[in-house]
Amino acid sequence: MEIFELKQNPKICGYFKDKVSLFRYFYIKECEEVFYKKLLERGWRRFGNYFFVPECGECNLCVSIRWDCEKFNFSTTQKRILKQSSFVTLSIQKPTLSKSHLELYDKYHKIMQDKKGWEYQKISPEIYYDTFVQGFMEFGYEFLYHIEGNLVGVALVDILQDCLSAVYCFYDHDFAKYSLGTFSILKQIEFAKTKGIKYIYPGYWIENHPSMGYKEKFKPFEVLINRPTLEEEPIWVKEQDALYKSNFTSF
(Lines give C-alpha, C1' and ligand atoms only; values in the text may rest on other atoms or scores of the structure.)
Protein backbone atom coordinates (compact mmCIF):
# COMPACT_ATOMS: atom_id res chain seq x y z
CA MET A 1 0.00 0.00 0.00
CA GLU A 2 1.42 3.36 -1.07
CA ILE A 3 0.13 6.64 0.41
CA PHE A 4 0.81 10.07 -1.06
CA GLU A 5 -0.54 13.22 0.57
CA LEU A 6 -1.77 15.88 -1.87
CA LYS A 7 -2.12 19.59 -1.20
CA GLN A 8 -5.20 21.52 -2.26
CA ASN A 9 -5.69 25.26 -2.40
CA PRO A 10 -8.80 26.67 -0.68
CA LYS A 11 -11.79 27.12 -2.99
CA ILE A 12 -15.39 28.30 -2.85
CA CYS A 13 -17.48 25.81 -0.90
CA GLY A 14 -19.81 23.67 -2.99
CA TYR A 15 -22.55 23.94 -0.35
CA PHE A 16 -22.22 27.55 0.83
CA LYS A 17 -21.07 30.13 -1.70
CA ASP A 18 -20.07 32.57 1.04
CA LYS A 19 -17.63 30.07 2.58
CA VAL A 20 -14.28 28.59 1.59
CA SER A 21 -13.58 24.86 1.72
CA LEU A 22 -10.31 23.02 2.17
CA PHE A 23 -9.83 19.26 2.02
CA ARG A 24 -6.96 17.02 3.00
CA TYR A 25 -6.26 14.35 0.37
CA PHE A 26 -4.48 11.01 0.28
CA TYR A 27 -3.77 9.17 -2.96
CA ILE A 28 -3.60 5.49 -2.00
CA LYS A 29 -2.76 2.69 -4.38
CA GLU A 30 -4.14 -0.70 -3.32
CA CYS A 31 -5.66 0.58 -0.08
CA GLU A 32 -5.93 -2.11 2.57
CA GLU A 33 -9.38 -2.64 4.02
CA VAL A 34 -8.27 -2.28 7.64
CA PHE A 35 -6.75 1.13 6.87
CA TYR A 36 -9.81 2.20 4.89
CA LYS A 37 -12.04 1.37 7.86
CA LYS A 38 -9.75 3.46 10.06
CA LEU A 39 -10.26 6.39 7.69
CA LEU A 40 -14.05 5.93 7.55
CA GLU A 41 -14.26 5.95 11.34
CA ARG A 42 -12.47 9.32 11.30
CA GLY A 43 -14.69 11.00 8.72
CA TRP A 44 -12.77 10.30 5.51
CA ARG A 45 -14.42 9.53 2.16
CA ARG A 46 -13.23 7.83 -1.04
CA PHE A 47 -13.49 8.62 -4.76
CA GLY A 48 -11.34 6.26 -6.81
CA ASN A 49 -7.84 6.16 -5.34
CA TYR A 50 -8.41 9.52 -3.62
CA PHE A 51 -9.36 9.68 0.07
CA PHE A 52 -10.35 13.01 1.57
CA VAL A 53 -11.59 14.77 4.69
CA PRO A 54 -12.61 18.42 5.21
CA GLU A 55 -10.29 20.78 7.07
CA CYS A 56 -12.30 23.96 6.82
CA GLY A 57 -10.97 25.86 9.79
CA GLU A 58 -13.69 26.92 12.21
CA CYS A 59 -16.59 25.82 9.98
CA ASN A 60 -18.11 22.55 11.21
CA LEU A 61 -21.32 22.50 9.21
CA CYS A 62 -20.36 19.29 7.38
CA VAL A 63 -20.91 16.57 9.96
CA SER A 64 -19.81 12.94 9.56
CA ILE A 65 -22.60 10.51 10.45
CA ARG A 66 -23.23 6.79 10.28
CA TRP A 67 -26.57 4.96 10.17
CA ASP A 68 -27.10 2.19 12.73
CA CYS A 69 -28.54 -0.57 10.53
CA GLU A 70 -28.71 -3.02 13.41
CA LYS A 71 -31.22 -0.82 15.24
CA PHE A 72 -32.94 0.54 12.12
CA ASN A 73 -36.65 -0.18 11.79
CA PHE A 74 -38.40 0.56 8.49
CA SER A 75 -41.19 3.10 8.90
CA THR A 76 -44.59 2.71 7.29
CA THR A 77 -43.58 5.18 4.56
CA GLN A 78 -40.30 3.38 3.92
CA LYS A 79 -42.06 0.02 3.70
CA ARG A 80 -44.44 1.54 1.16
CA ILE A 81 -41.53 2.80 -0.95
CA LEU A 82 -39.93 -0.65 -0.92
CA LYS A 83 -43.23 -2.27 -1.86
CA GLN A 84 -44.16 0.13 -4.67
CA SER A 85 -40.67 -0.22 -6.17
CA SER A 86 -40.38 -3.97 -5.72
CA PHE A 87 -40.49 -4.44 -9.51
CA VAL A 88 -37.19 -2.53 -9.83
CA THR A 89 -34.48 -5.15 -10.36
CA LEU A 90 -31.25 -4.85 -8.37
CA SER A 91 -27.93 -6.37 -9.34
CA ILE A 92 -24.69 -6.00 -7.37
CA GLN A 93 -21.34 -6.18 -9.13
CA LYS A 94 -17.91 -4.61 -9.35
CA PRO A 95 -17.96 -1.00 -10.63
CA THR A 96 -18.10 -0.65 -14.41
CA LEU A 97 -18.18 2.04 -17.06
CA SER A 98 -20.70 2.05 -19.89
CA LYS A 99 -22.51 4.46 -22.16
CA SER A 100 -25.62 3.99 -20.02
CA HIS A 101 -23.70 5.01 -16.89
CA LEU A 102 -22.44 8.21 -18.52
CA GLU A 103 -25.82 9.16 -20.01
CA LEU A 104 -27.65 8.61 -16.72
CA TYR A 105 -24.99 10.51 -14.76
CA ASP A 106 -25.26 13.50 -17.11
CA LYS A 107 -29.06 13.43 -17.11
CA TYR A 108 -29.14 13.35 -13.30
CA HIS A 109 -26.74 16.26 -12.89
CA LYS A 110 -28.47 18.44 -15.48
CA ILE A 111 -31.69 18.08 -13.51
CA MET A 112 -29.94 18.73 -10.20
CA GLN A 113 -28.46 21.91 -11.69
CA ASP A 114 -31.98 23.20 -12.33
CA LYS A 115 -33.49 21.73 -9.18
CA LYS A 116 -30.83 22.57 -6.58
CA GLY A 117 -28.33 24.83 -8.30
CA TRP A 118 -25.55 22.26 -8.65
CA GLU A 119 -22.69 23.17 -10.96
CA TYR A 120 -23.00 21.02 -14.08
CA GLN A 121 -20.06 19.79 -16.10
CA LYS A 122 -20.37 17.01 -18.64
CA ILE A 123 -18.67 13.85 -17.40
CA SER A 124 -16.00 12.21 -19.55
CA PRO A 125 -15.26 8.46 -19.56
CA GLU A 126 -11.82 9.17 -18.09
CA ILE A 127 -13.14 11.24 -15.18
CA TYR A 128 -15.93 8.77 -14.43
CA TYR A 129 -13.45 5.89 -14.41
CA ASP A 130 -11.00 7.73 -12.13
CA THR A 131 -13.78 8.76 -9.74
CA PHE A 132 -16.06 5.74 -9.53
CA VAL A 133 -14.35 2.67 -11.01
CA GLN A 134 -10.64 2.86 -10.23
CA GLY A 135 -9.45 1.79 -6.80
CA PHE A 136 -12.38 -0.45 -5.91
CA MET A 137 -10.07 -3.22 -4.63
CA GLU A 138 -11.95 -6.01 -2.79
CA PHE A 139 -14.53 -3.68 -1.25
CA GLY A 140 -15.89 -1.55 -4.12
CA TYR A 141 -19.24 -2.46 -5.73
CA GLU A 142 -22.10 -0.87 -7.61
CA PHE A 143 -25.80 -1.43 -7.00
CA LEU A 144 -27.49 -1.24 -10.41
CA TYR A 145 -31.22 -0.59 -10.65
CA HIS A 146 -33.15 -1.48 -13.81
CA ILE A 147 -36.75 -1.03 -14.94
CA GLU A 148 -37.71 -3.21 -17.89
CA GLY A 149 -34.05 -3.68 -18.72
CA ASN A 150 -33.22 0.05 -18.66
CA LEU A 151 -30.64 1.42 -16.21
CA VAL A 152 -32.42 3.88 -13.89
CA GLY A 153 -30.07 4.07 -10.93
CA VAL A 154 -26.46 3.52 -9.88
CA ALA A 155 -25.22 3.46 -6.30
CA LEU A 156 -21.49 3.11 -5.67
CA VAL A 157 -21.06 1.22 -2.40
CA ASP A 158 -17.97 0.03 -0.54
CA ILE A 159 -18.72 -3.19 1.34
CA LEU A 160 -16.29 -3.87 4.16
CA GLN A 161 -16.40 -6.73 6.62
CA ASP A 162 -18.49 -4.93 9.23
CA CYS A 163 -19.55 -1.65 7.62
CA LEU A 164 -20.65 -0.08 4.34
CA SER A 165 -19.75 3.25 2.78
CA ALA A 166 -22.35 4.85 0.53
CA VAL A 167 -19.97 6.49 -1.93
CA TYR A 168 -22.34 8.08 -4.48
CA CYS A 169 -25.73 7.60 -6.11
CA PHE A 170 -27.45 8.93 -9.21
CA TYR A 171 -30.78 7.99 -10.77
CA ASP A 172 -33.38 8.81 -13.41
CA HIS A 173 -35.79 11.55 -12.35
CA ASP A 174 -38.29 10.34 -14.96
CA PHE A 175 -39.21 7.75 -12.33
CA ALA A 176 -39.48 10.22 -9.45
CA LYS A 177 -42.78 8.72 -8.25
CA TYR A 178 -40.84 5.64 -7.16
CA SER A 179 -38.45 7.65 -4.92
CA LEU A 180 -35.40 5.91 -6.38
CA GLY A 181 -32.92 7.81 -4.19
CA THR A 182 -34.68 6.76 -0.99
CA PHE A 183 -35.30 3.29 -2.42
CA SER A 184 -31.57 2.85 -3.03
CA ILE A 185 -30.71 3.82 0.55
CA LEU A 186 -33.34 1.43 1.92
CA LYS A 187 -31.98 -1.40 -0.23
CA GLN A 188 -28.49 -0.73 1.13
CA ILE A 189 -29.81 -0.80 4.70
CA GLU A 190 -31.73 -3.98 3.87
CA PHE A 191 -28.54 -5.52 2.46
CA ALA A 192 -26.57 -4.51 5.55
CA LYS A 193 -29.15 -6.01 7.89
CA THR A 194 -29.15 -9.25 5.90
CA LYS A 195 -25.35 -9.49 6.13
CA GLY A 196 -25.20 -8.55 9.81
CA ILE A 197 -23.41 -5.27 9.05
CA LYS A 198 -24.00 -2.66 11.73
CA TYR A 199 -23.07 0.67 10.13
CA ILE A 200 -23.44 2.51 6.86
CA TYR A 201 -21.30 5.63 6.41
CA PRO A 202 -23.26 7.99 4.12
CA GLY A 203 -20.75 10.82 4.22
CA TYR A 204 -21.40 14.34 5.41
CA TRP A 205 -24.67 15.64 6.73
CA ILE A 206 -25.59 19.34 6.81
CA GLU A 207 -28.65 20.04 8.90
CA ASN A 208 -31.57 21.51 6.89
CA HIS A 209 -29.46 21.73 3.73
CA PRO A 210 -31.41 21.13 0.46
CA SER A 211 -28.80 18.66 -0.81
CA MET A 212 -27.36 17.17 2.38
CA GLY A 213 -30.16 17.39 4.95
CA TYR A 214 -31.99 14.24 3.83
CA LYS A 215 -29.56 11.94 5.64
CA GLU A 216 -31.17 12.69 9.00
CA LYS A 217 -34.35 10.91 7.86
CA PHE A 218 -32.72 7.52 8.38
CA LYS A 219 -32.58 6.92 12.11
CA PRO A 220 -31.01 6.04 14.39
CA PHE A 221 -27.69 7.55 13.40
CA GLU A 222 -24.50 8.50 15.17
CA VAL A 223 -22.44 11.67 14.86
CA LEU A 224 -18.66 12.06 14.88
CA ILE A 225 -18.13 14.94 17.32
CA ASN A 226 -14.36 15.32 17.06
CA ARG A 227 -11.92 15.65 14.17
CA PRO A 228 -9.38 13.00 15.08
CA THR A 229 -6.02 12.46 13.50
CA LEU A 230 -5.16 8.94 12.44
CA GLU A 231 -3.45 8.49 15.80
CA GLU A 232 -6.44 9.70 17.84
CA GLU A 233 -9.63 7.84 18.68
CA PRO A 234 -12.85 8.94 16.96
CA ILE A 235 -15.74 9.93 19.25
CA TRP A 236 -19.14 8.82 17.94
CA VAL A 237 -22.33 9.56 19.86
CA LYS A 238 -26.04 9.09 19.24
CA GLU A 239 -27.59 11.98 17.34
CA GLN A 240 -29.79 13.05 20.26
CA ASP A 241 -26.71 13.32 22.48
CA ALA A 242 -24.54 15.19 19.97
CA LEU A 243 -23.77 18.84 20.60
CA TYR A 244 -21.90 18.68 17.31
CA LYS A 245 -21.96 22.42 16.63
CA SER A 246 -19.79 23.18 19.66
CA ASN A 247 -17.85 20.01 20.44
CA PHE A 248 -15.45 19.72 17.51
CA THR A 249 -11.76 19.63 18.21
CA SER A 250 -9.05 20.63 15.76
CA PHE A 251 -6.73 18.39 13.77
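Q: Are E222 and R66 buried or exposed?
A: The model is predicted: local features need pLDDT of at least 70, side-chain atom pairs count only at pLDDT 80 or more, and totals for chains, interfaces and linings use all residues. Residues are numbered from 1 along each chain as its sequence is written, and side-chain values use heavy atoms, with hydrogens and water left out. Buried stands for under 20% relative accessible area, exposed for over 50% and partly exposed for the range in between (1.4 Å probe, protein chains only). By these limits, E222 and R66 are both buried.

Q: How many residues apart are E222 and R66, which form a salt bridge?
A: A salt bridge is a side-chain nitrogen of Lys or Arg within 4 Å of a carboxyl oxygen of Asp or Glu, and the closest N and O atoms of E222 and R66 are 2.9 Å apart. Helices (H or I, at least four residues) and strands (E, at least two) are DSSP runs numbered from the N terminus. E222 belongs to strand 13 (residues 221-224) and R66 to strand 7 (residues 63-68), so the pair links distant parts of the chain, 156 residues apart.

Q: How many residues apart in sequence are the parts tied together by E5 and R24?
A: The structure holds 13 salt bridges. One of these joins E5 to R24, with closest N and O atoms 2.9 Å apart. Because E5 is in strand 1 (residues 2-6) and R24 in strand 4 (residues 23-29), the pair ties together parts separated in sequence by 19 residues.

Q: Are E5 and R24 buried or partly exposed?
A: E5 has a relative accessibility of 40% and therefore counts as partly exposed. R24, at 22%, also counts as partly exposed.

Q: How many residues apart in sequence are the parts tied together by D158 and R46?
A: D158 and R46 are both buried. They form a salt bridge whose closest N and O atoms are 2.8 Å apart. D158 lies in strand 10 (residues 150-159) and R46 in strand 5 (residues 45-47), so the parts they tie together are separated in sequence by 112 residues.

Q: Which strands stand at the edges of the open sheet of eight strands?
A: Two strands pair if DSSP finds at least two bridges between them. The sheet has the order 8-9-10-11-12-7-13-14, with mixed pairing. Each edge strand has a single partner strand, so one side of it is left without a neighbour in the sheet; the two are strand 8 (89-93) and strand 14 (236-238).

Q: In which sense do strand 9 and strand 10 pair?
A: Strand 9 (residues 140-147) is mostly covered, six of its eight residues being buried. Over eight bridges, the sense of pairing is antiparallel.

Q: At about what angle does helix 1 run to strand 11?
A: Axes are lines fitted to C-alpha atoms, for helices over the stretch in contact, and angles run from 0 to 180 degrees between N-to-C directions. Contact requires heavy atoms within 4.5 Å. Helix 1 (residues 33-40) lies across strand 10, strand 11, strand 12 and strand 14, and its angle to strand 11 is about 75°.

Q: Is the ring pair of Y105 and F132 stacked or tilted?
A: Rings of Phe, Tyr and Trp (its six-membered ring) pair if their centres lie within 6.5 Å; planes under 30 degrees apart count as stacked, over 60 as edge-to-face and the rest as tilted. By this rule there are 29 aromatic pairs. With centres 5.9 Å apart and planes at 55°, the rings of Y105 and F132 are therefore tilted.

Q: How far from the ring centre of Y199 does R66 lie?
A: A charge sits over a ring if NZ of Lys or CZ of Arg is within 6 Å of the ring centre and within 35 degrees of the ring normal. Y199 stands in strand 12, opposite C163. R66 lies over the face of Y199, its distance from the ring centre being 3.9 Å.
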